[in-house]
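This briefing describes how the chains of one model meet and how parts of each chain are packed. Please keep the sequence and the structure in view while reading.

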Amino acid sequence: MLRLAPYLVTALLGVPILAGTASLILPAWNYFPAAGLKEFSALPWQLLSGYPGIMTSFFLTLWTGLGATLLSLTATLGFISFCWQSGWWRVARKLLAPLLAVPHVAFAIGFAFLVAPSGWLLRLISPALTGWHHPPNWQTVQDPMGLALMLAMSLKEIPFLLLMSMAALSQIDVERQVWLGRSFGYSPHRVWYKLLLPQLYPSIRLPVFAVLAYSLCVVDMALILGPNRPATLAVQVYHWFNDPDFHWKTIAAAGALTLLLTTLACIGLLVFIEATWRKLGRFFLVNGRRGGKGRVPGAITRIHIGLTLVTSCMVAAGLIVWSLARRWPFPANVPTRWSLSNWIREAAFFGDPLRTSLVIATVVSIGALALVLFSMEYQASNDRRWPLLAICLPLLLPQLSMLFGVRLLAIRTGLQAQFPLVLWGHLLYVFPYVYLCLAGSYFAFDPRYMHTALALGRSRVYVYFRVKLPLLIKPVLFSWAVGFGVSILQFLPTLILGQGRYPTVTTEAVAIATGGNRRMAAIYALLQLLSSVFAYGIALGWPRWLAHRLKCGESC
Amino acid sequence: MNSHKLIVALAATLFLAVAPAAADWRTTLDEARNRTVYFNAWGGSSEVNQYLRWASEEVMRRYDIVLKHVKVSDIAQTVSVILAEKAGGRHDNGSVDMVWINGENFKAMKQAGLLYGPFTGKLPNYRLVNLRNLPLNEDFTIPVEGLEAPWGVGQLNIIYDRAKGPFPGVNSRVLLEYAQKHVGRISYPKPPQFHGSSFLKQLLLELAPDTSPLYRPVEKSDMVQVTRPLWRYLDRLHPVAWRKGRAFPTGSAHMKQLMDDGELDIAISFNPQDAATAARNGTLPPTVAAGAMEIGALTNCHFLAIPFNSGNKAAAEVVINFLLSPEAQARKADTRYWGDPTILDLERLTERERGLFDPDFHLFAGIAEPHPSWQTALEKMWQERYGH
Amino acid sequence: MAGASIEMRGIMLEVEHLCIHGPDFELFEDLSFRVPPGAVLPLMGPSGCGKSTLLACISGVLPTAFNYTGTISLNGSKLDSVPVEERRIGILFQDDLLFPHMTVAENLMFGIPARIRRPQRIGQALAALKAVSMEAFTHRRVTTLSGGQKARVSLMRTLLSKPKAMLLDEPFSRLDRELRTSFRELVFSKIRAMGVPTILVTHDHEDLPPGVEPILLRPPEKKHAG
């Protein structure tokens, strides 16, 4: 039975990705029978390169994508190097799960409110420090240089990279290497830089590439925070795809292919930079410089992480406050009139999208977990490891491009099954995250437990469900929760594959946020957030409850 | 005596004319039972969404029809979906059963043969429609020909705060002076969002010395010349506009939010009662009001249509008929809910039905929409000049 | 108490009245000893009696859960407030902990003190490899080495850093019998030659240097009964 695992995964996930990506190629060269275009030509590419502002869009994409990735990476590595096992570290560990649970769209909505010219930050300091009674005429959100987008993305990615790093570090003997390095006279952060980070980075390469791919091709956050004159390339392609005129679909296909190639090129760039750094930095590692106290970089890192934590909390708080606000004129610090009416009025409405989100998330997260356990058990029994690169492929390719390809394929073949397609679309992105979160613990599981139990005469299946899974319950539940959260925050698969028929809290939140009704947007963002937190709550609470029951069972 | 016979004969004829129609309608109602209608409509206003929610509950209760509001940000996307279905040979059981359209989208659908109909003659409530006073036989100069049913009236109006001063949108000159005096507090939604495009049309109708070309299809030859006054005006407005004209709000709701935040002093809406509704539910300060420009508010009607390949045409007709009913129109026009003006002729209603409406409500003096090709042309030219 | 029978020039490591306590137990009470330069002082005890914790304390990385009283000094100067980086106390662990991302030569160069320039660094590393007959392995990745080779590189790395004292945490237990004897001889001879006071933690009597009495450590007692 287990033998089916590789075929199942390839059929469910691999083949459609390839098919979808391939189906971008024909329309990009003007072959699109559904629109009556049957002659090959390079017209879409010409129109693409001639579109006003397209080079700016392209550079904006590179700038925000690479910038956000580098910012979050340096912040994460800096935090590890300077704050390992300090008080800050413990605080960060506690907040890691809640920070991860905040979905991107909710974060973007809250962040937009925080930094807007009429946003909370300015309200708090006006008119006391600024003397303003009107918001200034600044462009802080949707600013033309994409700084708001870049900053928000980097803030959102730090917890993810930190989690992946912590997992990778548990495989490295950090304590003793730090001891060893310090005994040689190196200051702790130098030990990290010269000894531990070079060992860490290969393990977090894939998550870094995933962050890069996301940042380059993000649509939902860019719609809320990103520039729109012109927009980033991904947003532009998204608009083209939605345009009624079919010619725009061919240009969109060309744009999606461009995004794909750009992402691969940027990943290649990171690989190149890493290789060059290693080569050129070889002697630097052993030149003996022990490093000073590192007060300034340490302080900067602590401030950066502190700001990240504070910002995230204020984002969540801002959402709550706005959802309860009736009147909140500038420059009041808090609403002048509060009311529950926003929630009450919207309560009749958000039931459906909430239900849809929860149903999809439950089905997909459980399905993904089952598939992941199936695949991992297959690998564990045959002592093989599938290449992580293949597993994480959906995270490394632009979501927009792949989904468009699949959608175009669906149009061509007349496939109508929207809901199954939406489920599949979610599964495609949930599977790698669940896999990544579980891989470390699962493959580190001591096989002797199973051998002992099998030797006692039980069947494989029995042993699996009674011995292995219960021992792995914590990481399994945590990975499930992550999968649930990832499904809740999906935007493009629901919209593109579902053709707008299955509004979820995320699609609603984006639609309302781009429309401008902040109170409604806050409500939907909070619903998104609460759904995600709910899953983490179960993941963290269930083992404790089980343990409590077991304990009570003994003594009660 | 003769006249008496005449009346009886007339009544008999009328009855004979109406009876089959009544029988037809009953068949339609039967066919419609237990169907699901997918209604693609703009979802950018929570008032509209809440109204449609009420409507869904009503049609379920009365007719056993499930009405699903598919929220779209731009109905043009739905048009392209239906077009794709037609090109793909899907002539029945299409994914869309009802659409909320007007203007250039109606034109596109009509020309591509994507509409079912004519059907409005079949609807019992259609006889209550105000064909006398409202230009309901033409949609942006394109003949309707029964292919879409009128739903409400849109009038471009500018929302402002009475507490801050007099109406700044009387005409383009006053608006420009206001913007120069209060820098960064005036803007309009970014075309091709329809509020923004309509604002361009409104301005052009005032600034153009001769508006007759605007009511004909666009000619490439005079396009630039006719629109020149508009671009000259905007070139003067943008430097003193919000964000110096380098960024624009995304739509009407965004403008209202910015107005609430204190970043803008005006908002643009198509619903003449939007200001009243917003003041009532707290989205805007209680002192807001709406005003129209002195040449007349750009007025159009918006409609409901049925795609040619809907698999639930009878149910869609029943829903549309309900939406034309006095109860539904009255609730729609009520500022507690949506506030969109009715297209019914109040004089054709019974006393009780008339009492459901606000007697004090009047539309602004209006000015008709130009030919739809001008909207496309204006959007394109705006994009070239200011879009990046 | 133990003392070495050889008096040599160099640094002396002294521990006086050392008490290490954990949250509710005491690891050591009033531990005192002196290690003359070049001598190896063995410490023995069952697992869990805190040998590694003692080494950590001397090195300066005592975990925050523990506290200690007493003095540790090198050549008379107290180490209490000296941070780890400045104590210059070398360590050899049970598993060699060679840095996997560096070659053999680079591992060696890592330990060499700061102000020495590049050509001398390379020279010193090569000389060290020669001393243990491993010149052929200069540019090899450490993961390709055998257990005995890794142990030798690890030792030379520590010695190249010119430590003032050394702590050996069961460095021979992973090696097989043959290698063990030869490596042990190598370690002791180098230590003697460099005159570095060394503490050797082990649970194998074979590892004891001749004529030296080990310090025996007891398992920790709880402070409060029950």
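Chain B and chain C share no contact, and their closest C-alpha atoms lie 49 Å apart. Two residues are in contact if their C-beta atoms, placed from the backbone, lie within 7 Å. Two pairs of chains touch, and the most contacts are between chains A and B.

The model is predicted: local features need pLDDT of at least 70 and side-chain atom pairs count only at pLDDT 80 or more, while totals for chains, interfaces and linings use all residues. Residues are numbered from 1 along each chain as its sequence is written, and chains are lettered from A and ligands numbered from 1 in the order in which they are written.

**Chains A and B**

- The contact involves 37 residues from chain A and 39 residues from chain B.
- On the side of chain A that touches chain B, at least two residues each come from strand 1 (325–327), helix 16 (341–381), helix 25 (505–515) and helix 26 (518–555) of chain A. Helices (H or I, at least four residues) and strands (E, at least two) are DSSP runs, numbered from the N terminus.
- Helix 25 of chain A gives the most to this side, with three residues.
- This side of chain A consists of 16 nonpolar, 16 polar and five charged residues. Ala, Val, Leu, Ile, Met, Phe, Trp, Tyr, Cys and Pro count as nonpolar, Asp, Glu, Lys and Arg as charged, and the others, Gly among them, as polar.

**Chains A and C**

- Here 24 residues of chain C are in contact with 19 residues of chain A.
- Helix 2 (84–87), strand 6 (89–92) and helix 3 (104–111) of chain C each supply at least two residues of the side of chain C that touches chain A. Helix 3 of chain C gives the most, with four residues.
- In helix 9 (residues 174–183) of chain A, the buried residues include A:Val178, A:Trp179 and A:Leu180. A residue is buried if 20 or more other C-beta atoms lie within 10 Å of its own, exposed if 12 or fewer, and partly exposed in between, with C-beta atoms placed from the backbone.
- The buried residues of helix 9 of chain A pack against helix 10 (188–217) of chain A, and also against helix 1 (51–59), helix 2 and strand 6 of chain C.

**Nonpolar cores**

- The largest nonpolar core has 221 residues, and A:Ile109, A:Ala509 and A:Ala525 are among those with the most contacts inside it. Such a core is a set of buried Ala, Val, Leu, Ile, Met, Phe, Trp, Tyr and Cys residues joined through C-beta atoms within 7 Å.
- Not counting residues up to four places away in sequence, A:Ala509 touches several residues, including A:Val105, A:Ile109 and A:Ala525.
- A second, separate core of 54 residues includes B:Val37 and B:Trp151.

**The sheet of chain C**

- Five strands of chain C form an open sheet in the order 6-7-8-3-9, with parallel pairing. Two strands pair if DSSP finds at least two bridges between them.
- Strand 6 and strand 9 (215–216) of chain C are the edge strands, each pairing on one side only.
- Strand 3 (residues 40–44) of chain C pairs with strand 9 of chain C over two bridges.

**A buried loop residue in chain B**

- B:Leu284 is in the loop between helix 9 (274–281) and strand 9 (288–291) of chain B.
- B:Leu284 counts as buried because it has 22 C-beta neighbours inside 10 Å.
- Leaving aside neighbours within four places in sequence, the contacts of B:Leu284 include B:Lys256, B:Met259 and B:Ala278.
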